[in-house]
Amino acid sequence: MIVLFANDHQQHDPAFELYDGRQEPYAEKAERITKLLSACKQLGLPLHELTNTPDAAVVKAMHDSVYVNYIRSKSGGIAEHDQLIPSVFIKDTYTPLTRHTYKAALTSAGIAMSGAEKLQRGEHNTVYALCRPPGHHAEHNAMSGYCYFNNAALAAQELSKHGKVAILDVDYHHGNGTQHLFYDRSDVMYVSLHADPSIAFPYSSGFAEETGTGDGKGFTRNFPLSPDTTPEQYTQTLDLAIEVVREFEPAYVVLSLGFDTYKHDPIGNLNLNEETYNAIGELLADNLPRPTLIVQEGGYNINKLGELAKHFFTGYIKLQA
Ligand code: Q9C
Ligand code: ZN
């Protein structure tokens, strides 16, 4: 296993997000990566820093080039420490642009892509892509929910050239962008566990009835969870989701990992505790097919993120040997 990270994200640091007209502190902070990275260090996981920013062509594989060019030019025109919520190519008010957003988002996608390449070349059978900004809410031509480019989807698209890919999304939120990007395809499956979208972001997708369209019918599966879901119920549902992935017999798995399912996450509203992450890690390590690319999505409790990652990877690594 190897951990891939980069530092370009640090300057993408919006001061606030707009919530119901109010300015609230931006939850998707640069410090998240600092905490996750130091947890990985403490666990003794090998780290590899990426220092190059990829070409825009990398993200144009799944995103409208007009959208990509718009983010680049709009981002470049913003003053240092200023931020802007654009009026087009956007679904909500949680995804502001700063002067450094384009570069940060492009590099974030590059981390996931580089992880995909390492798996595909057989260099590793597990890669943890420490992506920031996150990606699973990003649509073909829309930014949303702190996401600009869909890191997991871009990696899955690349891997799909070499075999079937299953994306398992365990972030607290439904990955609307990822679902939509593969909704009509049978070669990339999307399976997600998340808070019930009738009461949680992104509200408009992630219902159990959404199962794909055309050739993709049956290749999208959603497991919405109510706020009173216990850790036991969560791991039981995860078991079902893993079984769906296994039956698909993917050549590669992409795991969209969020720590916002934690009971004290400032955004999430589920009840998972520290130990649940050990259990989740073990369950995935034991039952999820490899090679696996783990892509970082959400998780906003800055003071607990490192600890949660340690619990997860302790469980995950234990059974890997
Ligand atoms: N003021 C991810 O976890 N809602 N995105 C924020 C709180 C948006 C989450 C409302 C949540 C987006 C990748
Ligand atoms: Zn989330």
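**Note on the zinc site and the ligand 1 site**

1. The donor residues of the zinc ion (ligand 2) follow the sequence spacing D-x1-H-x86-D. The pair aspartate 171 and aspartate 260, 89 residues apart, links distant parts of the chain. Aspartate 171 is in the loop between strand E6 (165-169) and helix H6 (176-181), and aspartate 260 is in the loop between strand E9 (252-257) and helix H8 (274-287). Helices (H or I, at least four residues) and strands (E, at least two) are DSSP runs numbered from the N terminus.

2. This is a predicted model, in which local features need pLDDT of at least 70 and side-chain atom pairs count only at pLDDT 80 or more. Residues are numbered from 1 along each chain as its sequence is written.

3. The protein donors of the zinc ion are Asp171 (OD), Asp171 (OD), His173 (ND1) and Asp260 (OD), at 1.9 to 2.8 Å. Donors are N, O and S atoms within 2.8 Å of the metal (3.2 Å for Na, K and Ca); water is not among the atoms, so sites may look incomplete.

4. Ligand 1 is surrounded by 16 residues (a heavy atom within 4 Å). The closest are Glu17, Gly145, His173, Asp260 and Tyr300.

   - an N or O atom in the side chain of tyrosine 300 is 2.6 Å from an oxygen atom of ligand 1;
   - a backbone N or O atom of glycine 145 is 3.0 Å from a nitrogen atom of ligand 1;
   - a polar side-chain atom of histidine 173 is 3.2 Å from an oxygen atom of ligand 1.

Notes: Chains are lettered from A and ligands numbered from 1 in the order in which they are written. Side-chain values use heavy atoms; hydrogens and water are left out. A polar contact is a pair of N or O atoms within 3.5 Å; within protein, one must be able to donate a hydrogen and the other to accept it, and residues adjacent in sequence count only if both atoms are side-chain atoms.
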